[in-house]
Amino acid sequence: YISGASSAAYLDQVTLTATPNYGYHFTQWSDGNAENPRSIVITQDTSFTAEFAINQYHLSTSISNPEAGIVNGTGIYSHGAYAELSAIPNYGYHFLCWSDGNTDNQRRVLVTEDKIYTAYFAKNTYSIAGNYNTEQGYISGASSAAYLDLVTLIATPNYGYHFTQWSDGNTENPRSIVITQDTTFTAEFA
């Protein structure tokens, strides 16, 4: 809307102010002048139209750990538009939440200002199964670990037995493995 005098005497100085509604900004007057407020000297009947434009906002997305996944939704949006955000974890990770606490990995947000949404991911935890304790011997080491963790397993034979190999044919003992999925290792004794 425009505020200021709606009439004035010859050579009076009048100040006009263009006030945008929420989500809009003043661009110029109909005669191309961009001053706001604007002072004019009245010399005749005059008409002024204020021109407004909708605000544009930059919505950014980021990732807490770039190796963990990808996010979509970054862009320039008009005031009141909806942006579709998505957080897609890479293999070995899962989505936790957005920086505002929302836990929907795909969501729709109303854009009313410049904003950054950060997606948080965490490593998956995988089980490490095996014959941890038998009458022939036992395995010591972690029974679960996070994606890409290095875990050491030790096969210890009981009295009267000796370790021969792991169920996949590997004969290293102790044995270090990098965890990428749920895994089963059985120690074979003789």
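Predicted model: local features only at pLDDT ≥ 70, side-chain atom pairs only at ≥ 80, totals over all residues.
Figure 1. The peptide bond leading from Asn36 to Pro37 is cis, and its omega is near 0 degrees. A cis bond also joins Asn173 and Pro174, with omega about 5 degrees. Pro174 belongs to the loop between strand 17 and strand 18 (175–178).

**Figure 2. Two leucines with a positive phi.** Most residues other than glycine have a negative phi. Leu11 is not a glycine, yet its phi is positive, at about 70 degrees. Leu11 is located in the loop between strand 1 and strand 2. Leu148, likewise not a glycine, has a positive phi of about 70 degrees, and its place is in the loop between strand 15 (144–146) and strand 16. Leu148 counts as partly exposed because its relative accessibility is 41%.

Figure 3. Strand 2 (residues 13–18) is joined to strand 4 by four bridges. Within this pair, Gln13 of strand 2 stands opposite Val41 of strand 4. In general, strands of a sheet pair through backbone hydrogen bonds.

**Figure 4. Ala9 in the loop between strand 1 and strand 2.** Ala9 is found in the loop that links these two strands. With a relative accessibility of 43%, Ala9 is counted as partly exposed. Ala9 and Asp45 are 36 residues apart in sequence, and their C-alpha atoms are 10.0 Å apart in space.

**Figure 5. The largest pocket.** This pocket holds about 300 Å³ of space. It is lined by 18 residues, of which Ala5, Ser6, Ser7, Ile42 and Thr46 are the closest to its centre. Strand 1 and strand 2 are the elements that give two or more residues to the lining. By residue type, the lining consists of ten nonpolar, seven polar and one charged.

Figure 6. In soluble globular proteins, nonpolar side chains tend to be buried together. The largest nonpolar core in this model comprises 31 residues, and Leu59, Trp98, Leu153 and Trp166 have the most contacts inside it. Among the elements that give two or more residues to this core are strand 6 (56–63), strand 10 (93–98) and strand 16 (150–157). Beyond its neighbours within four places in sequence, Leu59 is in contact with several residues, including Tyr77, Leu85, Val109 and Tyr117. A second, separate core has eight residues, including Leu16, Phe26, Trp29 and Ala50.

**Figure 7. Strand 9 and its antiparallel partners.** Four bridges join strand 7 (residues 69–72) to strand 9, and the two run antiparallel. Here the bridge partner of Val71 is Ala87 in strand 9. Strand 9 is also joined by five bridges to strand 11 (residues 106–110), again in an antiparallel arrangement. In this second pairing, Glu84 stands opposite Arg108 of strand 11.

**Figure 8. Ala122 and its surroundings.** Ala122 lies in strand 12 (residues 115–123). Apart from its neighbours within four places in sequence, Ala122 is in contact with Gly92, Tyr93, His94 and Leu96. The C-alpha atoms of Ala122 and Asn65 are separated by 8.7 Å, although the two residues are 57 residues apart along the chain.

Terms used
Residues numbered from 1 in each chain as written. Heavy atoms only, no water. Pairing = 2+ DSSP bridges. Buried < 20%, exposed > 50% of the residue type's maximum accessible area, 1.4 Å probe, protein only. Contact = heavy atoms within 4.5 Å. 1 Å grid on protein atoms, 1.4 Å probe; cavity = no way out; pocket = protein on both sides within 12 Å on 5 of 7 lines; lining within 4 Å. Points joined across faces, edges and corners; volume = space filled by probe spheres on them. Nonpolar A, V, L, I, M, F, W, Y, C, P; charged D, E, K, R; others polar. Core = buried A, V, L, I, M, F, W, Y, C linked by side-chain atoms within 4.5 Å.
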